Amino acid sequence: MRIRAATTNDLTALTELFQAIELAEIGRAGTTEADIRQILLTPELDLERRSRVYEKDGDILGFAALHSAPHADRLRAHLGVSPVAPDSLTAALLRQIEGWAHGQTSTAGRERESVTLFQMPQALATPALHDHGWYVARRYNRLIIDVNDERPSRPRSRAGTEIRIAACDDDRRRLHAVLEEALSGHWNHRRRAFEEFWADQQQRDGHDPSLWWIAEVEKTPAAVLIARSQPDRGWIAWLGTEQRYRGRGLARCLLLAAFAELKARGHHMIGVDVDSANDTNATGVYEAAGMRVLGQADQWQRDINPG
């Protein structure tokens, strides 16, 4: 078996790998090239040093990668093992991930680092993950909407409420401030200065400042949304409403505005990933705007001690 670093040329083969895994686990394939492209183009991922593919007879049977998570003090791993691969390959890839994590934790001088990765519920890799000390920390929903079917229209704003683009630097700073407040109670949120947040967003696939929206109530920013226009889908990257303005339908108005604009740009499928245990009923907010749950994924976690 040949072992090498992954490259962007593996996009199609890795998409096929993850689709084969999904077919074996849940009977349908949901992974798209946009999902894999997002992994391969992650700004924090050094493909040469922190990714590996395992090939046999020209087919990719396994994939692993590790990088810093974009918005938390932890590491994010990716794992994919073909249903026809031997069980030993899953264990080998987990050892690779854990070895990278040990090295990165030691280099950073931290006493402990949490590593997370996503797998489908009842994944084929479940036994190996348990054997290596991983545990399920959270569960996430993926929601989608086909805007060609739903035909979303731009919402009518209530009196005193305006939905507008964050058109300048000051607007984007206001957007960031609302987002920080809205997410302040989320378990996985780490506060970042605007400059760090802006630099990170600029590197994301589909970044476009004209898809940054603010909902204002009496001229005061109250809710915000950031969407992305990726090559083969639209994506809702961030959505947040300040606590004192919740329950007014602002998030739904922002979503409908984003859906209409993304449809106008040629997208028909728009997606989002949501923490299923979110205490603001985020899944319900997206469903109220016409999205539906496509599937779920478990977030597995392992705590790494460099000693």
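**Salt bridges and nonpolar cores in the predicted model**

The structure is a predicted model, in which local features need pLDDT of at least 70 and side-chain atom pairs count only at pLDDT 80 or more, whereas totals for chains, interfaces and linings use all residues. Residues are numbered from 1 along each chain as its sequence is written, and side-chain values use heavy atoms, with hydrogens and water left out.

Three of these pairs are described individually. R164 is joined to D171 by a salt bridge with an N to O distance of 2.8 Å, and D171 is buried at a relative accessible area of 7%, where buried denotes under 20% relative accessible area, exposed over 50%, and partly exposed the range in between (1.4 Å probe, protein chains only). A salt bridge also links D169 and R173, whose closest N and O atoms are 2.9 Å apart; both residues belong to helix α7 (residues 169-182) and are separated by four residues, about one turn of the helix. Helices (H or I, at least four residues) and strands (E, at least two) are taken as DSSP runs, numbered from the N terminus. D169 is partly exposed, at 36% relative accessibility, and R173 is likewise partly exposed, at 34%.

In the pair formed by R265 and D208, the closest N and O atoms are 2.6 Å apart. Elsewhere, salt bridges with shared partners connect R2, R4, D10 and E55 in one network.

A nonpolar core is defined as a set of buried Ala, Val, Leu, Ile, Met, Phe, Trp, Tyr and Cys residues joined through side-chain atoms within 4.5 Å. The largest such core comprises 30 residues, and the most contacts inside it are made by W213, L225, I236, L255, F259 and Y286. At least two residues of this core are supplied by each of β6 (135-146), β8, β9 (220-230), β10 (233-241), α9, β11 and α10 (282-288), with α9 providing the largest share, nine residues. When neighbours within four places in sequence are set aside, the contacts (heavy atoms within 4.5 Å) of I236 include L225, L255, F259, V272 and Y286. Another core, of 24 residues, lies apart from the largest one and has L61, V81, L94 and W134 among its members.

Technical notes. Salt bridge = Lys/Arg side-chain N within 4 Å of Asp/Glu carboxyl O.
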